[in-house]
Amino acid sequence: MNDKTALADLPLSKLLSFIGAQAVCFTAFGAVLWAFGDRPLGAFITTAAWEIGYGVALAGVLIAIAAALSRIFPAWADWLVRSQAGNYPFLKQRLSMAAIIFISICAGLGEEALFRGGVQVLLGDYLPVALAILIASCAFALIHFAQPVISAMIFLIGAIFGLVYWQTGSLLTVVIGHAVYDVYALWALQEGMHRLGVFDDPGEDASPVR
């Protein structure tokens, strides 16, 4: 059994536990990097109402762009879906919406805390802001271990989050933007993979995993 098959067959509880633990580690490391510059931990993430609104608006823009591009370029969208099968083998069995939301929140919180609140902020203490955003976005893309085209897209999205964080100073805004967008993206990816038969296997139970 190879690693991808093992991940595809991993019980949902173990998969979600791993993702949750990773989010905790990423968030903690991001907070450490933030505090390294003598910043108060209490200011690492704030919760003003406008931050929530901006985060939802950011996600809405990204979702609208992704949905429009998928409709305008369906062949390209199908290629993107097929090309990511190796990175998301756990979608072989349909995840419930609850699981998708959990994974998306973990990704939004952990990755933004680490790469925007931690890496970008710390690099910004020593480098021009633009360079700090570029480096943090490169690191963000690299940890996804995706194909070059997908990595370039992840880098672009990371740069957008970096710019928004720089302009607003709100980690919550990019966390919400990232998490809500990921709910759409992960759901659409799962639906696309099953529509295209990426995981076709006669006799396989395709009922949602809960």
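In this predicted model, Asp38 is exposed, with a relative accessible area of 74%. Its place is in the loop between α2 and α3, and its phi is near 60°, a positive value in a residue other than glycine.

A second residue with a positive phi is Phe145, at about 50°, although Phe145 is not a glycine. Phe145 is found in the loop between α6 (129-142) and α7, and with a relative accessible area of 69% this residue counts as exposed.

The loop between α2 (12-36) and α3 (49-72) also holds Arg39. The side chain of Arg39 makes a polar contact with the side chain of Asp125, at 2.4 Å, while a polar atom of the Arg39 side chain lies 3.3 Å from the backbone oxygen of Trp34. When neighbours within four places in sequence are left aside, Arg39 is in contact with Trp34, Val121 and Asp125.

Another arginine, Arg116, is found in helix α5, which spans residues 97-124. Arg116 is buried, because its relative accessible area of 0% falls under the 20% cut-off for that class. Not counting residues up to four places away in sequence, Arg116 touches Glu111, Val121, Ala136, Ser137, Phe140, Gly158, Phe161, Gly162, Tyr165 and Leu171. For one of these residues, Ser137, the separation from Arg116 is 21 residues in sequence and 8.5 Å in space, taken from C-alpha to C-alpha.

On the surface, a nonpolar patch is formed by Val61, Ile65, Leu69, Ile72, Phe73, Trp76, Trp79, Val149 and Met153, which together have about 800 Å² of accessible area. At least two residues of the nonpolar patch come from each of α3, α4 (74-83) and α7 (148-168), and α3 gives the most, with four residues. Val61, one of the patch residues, lies in helix α3. Val61 is classed as partly exposed, because its relative accessible area of 48% lies between the cut-offs of 20% and 50%.

The table below gathers the accessibility values.

| Residue | Relative accessible area | Class |
|---|---|---|
| Asp38 | 74% | exposed |
| Phe145 | 69% | exposed |
| Val61 | 48% | partly exposed |
| Arg116 | 0% | buried |

Methods. Residues are numbered from 1 along each chain as its sequence is written. This is a predicted model: local features need pLDDT of at least 70, side-chain atom pairs count only at pLDDT 80 or more; totals for chains, interfaces and linings use all residues. Side-chain values use heavy atoms; hydrogens and water are left out. A polar contact is a pair of N or O atoms within 3.5 Å; within protein, one must be able to donate a hydrogen and the other to accept it, and residues adjacent in sequence count only if both atoms are side-chain atoms. Contact means heavy atoms within 4.5 Å. Patches are made of residues with over 30% relative accessible area and no salt bridge: like charges are joined within 9 Å, nonpolar side chains (Val, Leu, Ile, Met, Phe, Trp, Tyr) within 5 Å. Accessible areas come from the Shrake-Rupley method with a 1.4 Å probe; for residues, only the protein chains shown count as cover. A salt bridge is a side-chain nitrogen of Lys or Arg within 4 Å of a carboxyl oxygen of Asp or Glu. Buried means under 20% relative accessible area, exposed over 50%, partly exposed in between (1.4 Å probe, protein chains only).
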